[in-house]
Every structure is written in C-alpha cells, then in structure tokens.
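Let's take a walk through this structure together. Have the sequence and the 3D view ready, and we'll go one piece at a time.

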Amino acid sequence: MYPEYMAESLRKVVQTRPARLELARKSGPVYPPMNAEERRAVLEGFHPDFESSARRTVRVGPNRDESLTTEVADLLESHSWLRSEQVNLDRPDFETDLLIIGGGGAGCNAALVAMKDHGMRSIIATKLRMGDANSMMSQGGMQAAVSRTDSPTRHYLDAIGGGHFENKPELVRALTEDGPGVVKWLEDLGVVWDKQQDGSLKTMHGGGTSRKRMLSCRDYTGAMIMRTLMDEVRNHPDMIDVKEFMPAVELIMDTKGHCAGAVLYSLDSEEFFTVKAKATLIATGGYGRLHIRGFDTTNHYGATGDGLVMAYRAGAKLMYMDSVQYHPTGVSFPEQIAGFLVTEAIRGAGGQPLNKDGELFVYPREPRDIEAAAIIRECAQNGGGIPTPSGRVGVWLDSPLIDMLHGDGYTDKHFPAMYRQFIRYGIDIAKLPMLIYPSLHYQNGGIEINERCETDLPGLYVAGEASGGLHGRNRLMGNSVLDYNVFGQRAGRYASEYAKAVKIGKLSLAHLDSFEKELAAAGVQTELVTPVLLPSYAPEDVRKRQLLRADNELPGSSVLHNRLHEGKSL
Amino acid sequence: MARAPTEAKERLITVYIMGKACEVPAEATIMGAIEYAGHQIIRGAGCREGYCGACATIYRLPGDYKIRAGLACMTLVEEGMTLAQIPYVPAEKAIYDIEKLKPNVSAIQQLYPSVFRCVACGTCTRSCPQGLQVMDYVQAAKRGDIAEVMDLSFDCVVCGMCMLRCPAEITQPLVGILAKRLYGRYLRKDSPELAARVKAVEEGAYDAEYAELMTMSRKDLSDRYYARDTE
Ligand SMILES: Cc1cc2nc3c(=O)[nH]c(=O)nc-3n(C[C@H](O)[C@H](O)[C@H](O)COP(=O)(O)OP(=O)(O)OC[C@H]3O[C@@H](n4cnc5c(N)ncnc54)[C@H](O)[C@@H]3O)c2cc1C
Ligand code: SF4
Ligand code: SF4
Ligand code: FES
C-alpha cells in the first residue's frame, strides 16, 4: 500500500482521470510530442548523461582521448586478472570451432545457426546459468514490421530517428530487414506469439514507433523466447557444449592478430581454463550492474560490461560508450523492487505519466531518453515529483486507464508479471497507479561492429547488447530483443564462414602486457581488476572485514578478490 | 537516482539462513537479507526480478509446521523465518527433434511418461511461487491438451519447487516448456501477412527504399522523420 501522505496526490489522479480518459479515446496524442528543439533542451538540461561528471576522457586503448561515461572509463583503465606469463597456452584445455561468450539470447541464436546451417561446433561459456541474462527479462516485446500498414523501411526511419540519426545505417537496415524472418524463425522453433483471432500477430505501440509494431508473448516475451532457444540448444549436446558458471576473463589472440579463444574462470573451483577457438563471439550483454551514477538498475545480476573490457584490451574499438539508457519507468516505490522495470507496454496500452497534481506533463511515448529526461525535469525543476519514504522520488504512471480503455481484466491478462510484482505489496495496478522514476537499463553503445558482426579484430565477433553502432545513442523499446535475434543469427553465420577458412597461429596473451605498459605510461593508478563478474551488495562494514581477509585491496565493486599473487600460475 | 542510504534508521529482525541467526532489515527481500548478512550469492540469483527462477527458496515460519516456497528476489523476510535456497533441482530434460513430434498426447507419452504417475494431490499447485495451477496443467498434459498446458504454464519461471515436492517425481516445468513449443510450432494460427512480408523482403521489395533512405543527408532524413504520420 502507498503511505498515507500520498493519499492527497492519489486523489488528484482520480479527479483528473475522466478528462484524460476522454483524451486517450480520441485519436491523436494526449499531450503534444516535442519537436527537435524541445527534445534537445530537455536532454541537455536533464538527462543524466549531460551532467558534468557523467563523462571523462579515457587515457588508454583504442578509444584513447575520447570522452566516455565515467564508470566505463574506470572499467577500461583497469588491470587484468591475468599476466601473460602465468598462463600456459601450449595445450589448451578445450578446443572448438566457435567460442560463444555469454549464454543469453544472442549467444544461443548464434550457436543454433552455426550448428544448423553450417555444421559448426560451439562452446557456450556463460557466467551464471544459461539464460541468466537480460534476455530472460524483457517483458514488453520485440519490434518487427509485420503488419499491413507497416514496412521494414518505416521501421528503419523510426529506429534511426529515435537514435538521433547517429545509428550505423547498414546495421539498422540489417535489423529491420531481417525482422520479419526472425519472427517466423522463432515461431517455427515454438515461440508462442500473441495473436489476433485470424492468426495475424498482435501489435502494440512502443516509444518512438509510428506504427504498431511491438510483438509480445504476454509480458513474458523474453522468457518465452529465451526458454525456447535454451531448450533447443540443450537438444544438441553433441554439437553445443554449455559451460555454466564459467565466465570468460580475457580473450586469447594468436601471433598473427586473430582472436583465437578465451581464458575462462570457474566460479565453483576458482580454476582458470583456456579455450582455443577458430572464431570467438562476445555476447555478454550489458552493464547495468555497474550502477552508473548510482542509479538502480533493471538488469540481471551478471550485467557488468565484461565483454567491453576484454575486447578493449585486445584492441577492439568501442562506439557510443558515452551514452547510457535510463528506462523512463523504473519502480520508485516500494523500495524492495526499486529499479525494477515497468514495461513500456504499459504506456503503449494507454498508461500515462502524471505529476503529483495528477497532470500530464509529457507525451507518454517519446523516445526513451526524452521521456526519462522529461520525468527527471518534472521532479528536479518543476517540483512535480512525489518523495518516497526511502528518499527516492517518483511520478505516477496511471495504469488503471488501461482496463478503462481495453475492458476489465485486460491488465491481468496482458501484464501478469507486472501485476504480480506489485500485488505482493498490496498495490493492485488495475486500480492504483504505479510510482516510477528512470532506472539504469541499457548499454546504448558497445564494441563497434558491421552488419556481419565483425570487429576490428579478425576472428572476434560481437552481437547483442555488447555491440555498438546499431542504436546510435538511444535505443527504442523492442529493438534490442530484435537485435539479439538478428545479430545473434548473423554472428552465427559469418563466424562460421570465417572459421571454416581460418588457420590459427601460435596463441598469445601479449596484448595484456602491452595494455599494462600503456596504463603505466599514461600514469593510470588504479586498484580495479576487471572484468567485474558480479557486483557486491554486502553492507559497507561487512566489506571492510572482507578486505582484512584478502592480502590485497578489494577491487572496486568487484566481489572476487584480486588473485594476482606471484608464483600462482595456471 | 542513488540507492538511498537508509541503513541507519532500519528496523532489524532475526532470520535463520540455513540455521544461522542473522539480523537483517525487516523490510528486506530474502535475497536482500542473504546479501545483507554478507553472503556473495553465486548460485541462487539470476535476474533478481522474478523471471529466471534461479533463486528458489524454502522456508518455515515460527510455530508453523508448513514448508513454504518462494522466490528469494520477490519474497519478504519475516521475523523468525528459517530458510535455505535451492538453486538447482536435478531433472532430466528429454532430448528431441521438434520436427518429429506430434502436438498431442503421444509427445508426452514418449518424452515425459512420468506425467501419468500423477496422483492429483495438488502439492505442486500449493508450492508454486507464481501461483500457477500446476496440477491442472499436469492433468491437461495427461489428456494431451497441449493448448491448455501452454496456457496454464505460460508464466512458469522454472524454479523447480513443484518438481522438488511432487510425490510422483514429475518434472512439471519441463513438460510446460515442451507444450509451449509444440503449441507455437504446430497449433498456432498462421499469420498470412507475416508470410507475405517475409517473401517481399526476400524478393528485394524494399531495396530501392532502403537505398534512398541510406543515402539521404541527415537534414533530409530528419525532415522525413519528423513529418512521418503516426498510426
Ligand atoms: C528488465 C528488462 C526488460 C527488457 N525489456 C525489453 C523489451 O521489452 N524489449 C526489448 O527489445 N528489449 C528489452 N530489454 C533489453 C533486452 O532484453 C536486452 O538488451 C537483450 O536481451 C540483450 O541480449 P544479449 O543476448 O545481448 O545479452 P544477455 O541476454 O544479457 O546475455 C548476456 C549473457 O552473457 C553472460 N555474461 C556476461 N559476462 C560474461 C562473461 N564474462 N563470460 C561469460 N558470460 C558472460 C551473462 O551472464 C548473460 O547470460 C530489457 C532488458 C531488461 C533488463
Ligand atoms: S510451475 Fe513449478 S517450476 Fe514453474 S514456477 Fe511454478 S513451481 Fe516453479
Ligand atoms: S504434486 Fe505431482 S502428483 Fe501431486 S498433483 Fe502435482 S504433479 Fe500430481
Ligand atoms: S533471481 Fe530470477 S527469479 Fe529471482
């Protein structure tokens, strides 16, 4: 239940509702959408990326001297878990055609395509269990231009406008053109899409869409797709070897500069293992668990940007790592679920963001960065926010409108996961609005790729949230589920073609030594050892006592102690 | 916004994590409490938002004989609660080729024959943290009603609590996944427009438009974008 002091504000929401319902029933926007000038003003004034300490110059590596998100620059200017001389590369522990780092949506797609279409064997090495991934969590849906009134080129225009025209055009084309085929491919694997009576796909609006294009599987879209992919992967144990609780900590190169595998770290036994592969795919997803600018996050436990730093040390360039996606509607109250995602489909179905007086202050379906910045502005500048008992702030998201627009029971039927999350705290979202505030959601940029998922390094492929270029500096809802499917499949295809031809030379970790030298030359002083692998949520006093145990400094937010002891070899 | 520094004024209660007494915030989730006590969870946390089923937990409350099941990321602690996480429930997934199955009882008989051992005790339904009618979908599986299994197991997060407690040792969530795939593959109504769109793309129907959009100046593209109509 909401605390007593919010009752007055809730009453105002009820008072203004009939007029707002009227507006929603009419065709046309319920609030004037912003033009280009207004968008710029709200972004520059209120988006967290534009705060002065949000970015800093990175001093080493392929993006040297560029301004990046501060936490990303910190992550990149860090030490490896390994030193090259510690690792024996003469006899790799495992060998395979394709090493896939990350068992989320992109990784599983790649493994399936590599196997089915190209007869390639793969190892999927993943941090937690397969499917412990952002892909499991998407609720709202996947964009694909399948309806009669829509087209792939219209999807292209929406995506590139949402990304402020900075997206790499060939990537957007691949995304939007492959979209319908992906829908069909998934359906044939057994994904149960929401449908209309006549069998056509049910489509909804999302932020920044000019046609209803969001396909869904109730509000378990990600879980439905991910579980189908995982089940199919597990149907082929002879071709796809899944290694769980075995995150990669460093890429392995060969002396000719090809990427040739990775070093894995067993979270169970704390052993390191080497994998030699003809081609390597980074499909490690995003970085929400770095808690950039102290924000709560919607992301899964293992989303710590590991792929970025591994690829960076090996020499791959990053793109648009100066922009962070804050989802406009994260939960602000109750505190136990603070940061959890409230799917954008709630706004797609008619939910409206309101200030404490129950008034609309923004068009509900602006692109995400605009919508988030407008909510922050309403709280920070206009005093329109509602403070929570734990010191957060939020605005209302008026969900009861949805049943009024679509009929009783609609919310229950279409948003069962959302309903469940709130009802535990006595909040029935069909009757009461939700209190929301932007939450750290998505890594807009990443390792730069082309439409074949290739990077600067031959043999290194990247797909999904870990990649950069596709979304420009702002991804639209529904385009990343499509992203991990389209580019996961493309990576499977192109990495397989490459793997068939390549001859791997002598394995090497020399890039780690060069990177250390570069750090020293740039005068970087840091205790941070990355990849981070898992965040720590132990309270401060516990962490201090943990520090006493290790004879080394606790590396930043990383939980696993620095194990770089002299004489400790693989 | 920042995670609020509220520790100072928090009310603490005692819970027993695998038997060991720990003082934890009264308002915490089980997952929050385990971490507050200083554990680094490795097995037993995934999505942290109620989707992945990694965090299944069994617990008892003081003075109550009942064993309860919950998702650690979604369930709040209570005074005197004694708990253990069950991060994995052994179960054998059947290996199959979806193209060689029929969407009826034969698939169930072939792959998960244990379903027919159900004694309709309802324990699975009572242990499901998602509140699903698990027994009903097992019954539907026995009848070969794939659509019903799909519908009733749709929101299953595969936490494994039902199969852990089932006296007939049935692997309910695996049956649910099979049924969903069979439904999607065979029992769906086909979308005529989807097939047409896929074909149009293959035939290059959009090539010219793409070529135009991809060579436009940023200004022209921007004008086109802001002038586009919305459905
Ligand atoms: C709550 C939530 C809701 C969302 N809703 C939507 C939506 O409605 N529509 C939409 O389009 N998008 C949505 N998204 C975004 C979308 O789900 C993700 O961007 C997408 O799933 C990313 O897929 P991926 O395969 O690239 O990464 P992931 O699915 O995150 O998979 C990455 C995998 O790599 C593993 N990994 C990480 N580091 C390592 C390492 N060092 N070694 C080995 N493995 C590693 C991770 O554990 C994980 O299993 C949502 C995201 C979240 C968090
Ligand atoms: S049906 Fe079983 S596995 Fe699925 S959520 Fe319920 S208890 Fe967990
Ligand atoms: S617990 Fe097992 S035996 Fe009992 S109803 Fe459920 S499936 Fe049947
Ligand atoms: S951690 Fe995924 S359901 Fe709890």
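Start with chain B, which splits into domain 1, covering 12-85, and domain 2, covering 98-187. Keep in mind that you're looking at a predicted model. If you take the centres of the two domains of chain B over their C-alpha atoms, they sit 28 Å apart. Where they touch, domain 1 of chain B puts in eleven residues and domain 2 of chain B puts in eight residues.

How much area is buried between domain 1 of chain B and domain 2 of chain B? It comes to about 670 Å², and carbon and sulfur atoms supply 70% of that. On the domain 1 side of chain B, the residues that lose the most area to domain 2 are B:Ala56, B:Ala69 and B:Leu71, which together make up 48% of what that side buries. Now look for the elements giving two or more residues to that side of domain 1: they're strand S3 (56-60) and strand S4 (68-71) of chain B. Sorted by class, this side of domain 1 has seven nonpolar, four polar and no charged residues.

What about salt bridges between domain 1 of chain B and domain 2 of chain B? The count is zero. Residue pairs in polar contact between these two domains, with both residues at pLDDT 80 or more, also come to zero.

Next, move over to ligand 2. Around it you'll find B:Cys128, B:Pro129, B:Gln130, B:Val134, B:Tyr137, B:Cys156, B:Val157, B:Val158, B:Cys159, B:Gly160, B:Cys162 and B:Pro173.

Terms used: Residues numbered from 1 in each chain as written. Chains lettered and ligands numbered in written order. Predicted model: local features only at pLDDT ≥ 70, side-chain atom pairs only at ≥ 80, totals over all residues. Heavy atoms only, no water. Near = heavy atom within 4 Å. Domains from an automatic or database assignment. Contact = heavy atoms within 4.5 Å. Buried area = accessible area lost by both parts, 1.4 Å probe. Salt bridge = Lys/Arg side-chain N within 4 Å of Asp/Glu carboxyl O. Polar contact = N/O pair within 3.5 Å; in protein donor to acceptor, adjacent residues only side chain to side chain. Helix = DSSP H or I, 4+ residues; strand = E, 2+ residues; numbered from the N terminus. Nonpolar A, V, L, I, M, F, W, Y, C, P; charged D, E, K, R; others polar.
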